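Take them one step at a time, and try each task before reading its solution.

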Amino acid sequence: MNSTVKIRDAIRNYCFSNSRWLKIVGKGLLSLCSFLIINHFFGYISFLRNPIFAIIIAIACAFIPLSAGGLLVMIYIFVQLTGLSGQVAFIALALMVISYGLSFFYGAKRMYNISYLPVALQVQMPYPIPVCSALLGEMNEVAAVISGGILSFYLKTIRENASVFIDEGSDVTVIDVISQKMLANPMLYIFIASLVAMFVVIMLLKNTQMKRSYLVATVSGIFVEMAFMLTGYVITGNLGKVPMLILANVIAFIVGFAITYIFRDLDYERVERVQFEDDDYVYYVTAIPKIELSKEEKRLTRITNTRSKFYNSGKIESDSKTEDVDESK
């Protein structure tokens with residue numbers, strides 16, 4: 001147990017001391033993966049599919065806030081969709097604007113649910129993102145989760161039906177695709193319900209008084225989400241997607257466990273160092289248990305002469321008892 005605590009403290013100290021560069025590298029890698037996924041699934045403009053172009057934008061995203069990088073990801077998706085259809089791109093832009101507007105209205109701060117959740121769904125890995133949002137955020141983040149889920153399913157529907165827009169002789173409109181392939185698909189509602197259920201369960205359990213509440217909340221939320229999605233796959237006959245569902249939730253658990261182990265797993269019997277931030281400041285807090293704060297022992301010594309002929313005689317009083325000392329030579 002002590003070895004795991006030492007490892008955790010070493011990881012924390014390394015992360016806190018190198019937080020600036022770790023954030024830059026993390027944002028850069030996240031943006032690069034996002035742009036490469038977009039190029040693979042929505043690469044309708046040929047010159048934007050060049051990996052060098054994605055690398056250049058990812059480097060720029062590494063030095064700007066995460067929300068700004070997510071906004072660039074949304075703009076990149078919109079530009080790529082214009083190569084498929086103007087109507088498709090316009091609907092996507094409208095959904096993006098509505099999603100950001102609703103999230104700002106309800107006070108959501110983690111806008112990466114809107115930008116990175118649609119990208120993650122294309123590779124069937126959306127669940128780690130709301131897990132992070134639930135463990136690190138507040139209940140109002142659910143607005144961004146719902147908005148990101150709807151936008152995710154829209155992009156997934158467009159990708160699966162892109163051939164009808166590429167075919168010049170097709171008279172199918174984007175409204176037809178939305179009404180017949182998206183809104184009529186029960187997996188849309190099951191997917192949104194699973195994300196919301198997972199988010200709410202984690203939020204309700206993480207701040208309870210139970211031991212390891214964050215870890216229990218993560219496991220419970222993932223279990224509820226898997227129950228929803230498995231039910232949906234059974235209803236729609238998509239049992240072939242179950243292995244990827246299991247893999248995605250294993251990764252979600254690993255992400256949740258890492259967040260809990262490094263940042264949220266506090267031992268109230270040990271000295272703990274915690275870092276958190278708001279809009280203006282970054283706070284570094286050192287929490288010291290009271291049992292380790294030893295009280296300062298005070299001793300009071302009073303010497304009262306009883307005989308003038310004695311050099312060292314008198315009465316000594318301490319905090320525990322009083323002793324009369326009479327020394328004579």
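**Exercise 1.** Which handedness does the crossing of α6 and α8 have, left-handed or right-handed?

*Solution.* Before starting, note that this is a predicted model, in which local features need pLDDT of at least 70 and side-chain atom pairs count only at pLDDT 80 or more, while totals for chains, interfaces and linings use all residues. Residues are numbered from 1 along each chain as its sequence is written, and side-chain values use heavy atoms, with hydrogens and water left out.

Step 1: find helix α6 at residues 112-122 and helix α8 at residues 142-160. Helices are DSSP runs of H or I with at least four residues, and strands are runs of E with at least two, numbered from the N terminus.

Step 2: look at the axes, which come within 8 Å and cross at roughly 40°. That makes α6 oblique to α8. (Under 35 degrees is roughly parallel, over 145 roughly antiparallel, 65 to 115 roughly perpendicular, and the rest oblique.)

Step 3: the crossing of α6 and α8 is right-handed. In a right-handed crossing the near helix is turned clockwise from the far one by less than a right angle, and in a left-handed one anticlockwise.

**Exercise 2.** Sort the residues where α6 meets α8 by class.

*Solution.* Step 1: list some partners. In α6 they include I114, L117 and L121, and in α8 they include V145, S147 and L151. Contact means heavy atoms within 4.5 Å.

Step 1: count by class, which gives 9 nonpolar, 6 polar and 2 charged residues for the contact of α6 with α8. (Ala, Val, Leu, Ile, Met, Phe, Trp, Tyr, Cys and Pro are nonpolar; Asp, Glu, Lys and Arg are charged; the others, Gly among them, are polar.)

**Exercise 3.** Describe how α8 packs with helix α11.

*Solution.* Step 1: α11 covers residues 186-206, and its axis lies 10 Å from that of α8, at an angle of about 155°. The two helices are therefore roughly antiparallel.

Step 1: the crossing of α8 and α11 is right-handed.

Step 2: V145, G149 and F153 are among the α8 residues in this contact, and L188, F191 and L195 are among those of α11. By class, the contact of α8 with α11 has 12 nonpolar residues, 1 polar and no charged.

**Exercise 4.** How many residues of α6 are buried?

*Solution.* Step 1: use the cut-offs: buried is under 20% relative accessible area, exposed is over 50%, and partly exposed is in between (1.4 Å probe, protein chains only).

Step 1: 11 of the 11 residues of α6 are buried, so this helix is largely enclosed by the rest of the structure. The buried residues of α6 pack against α2 (19-42), α4 (66-82), α5, α7, α8 and α11.

Step 2: S99 touches I114 and S147, leaving aside residues up to four places away in sequence. S99 counts as buried because its relative accessibility is 6%.

How values were computed. Axes fitted to C-alpha atoms, helices over the stretch in contact; angles between N-to-C directions.
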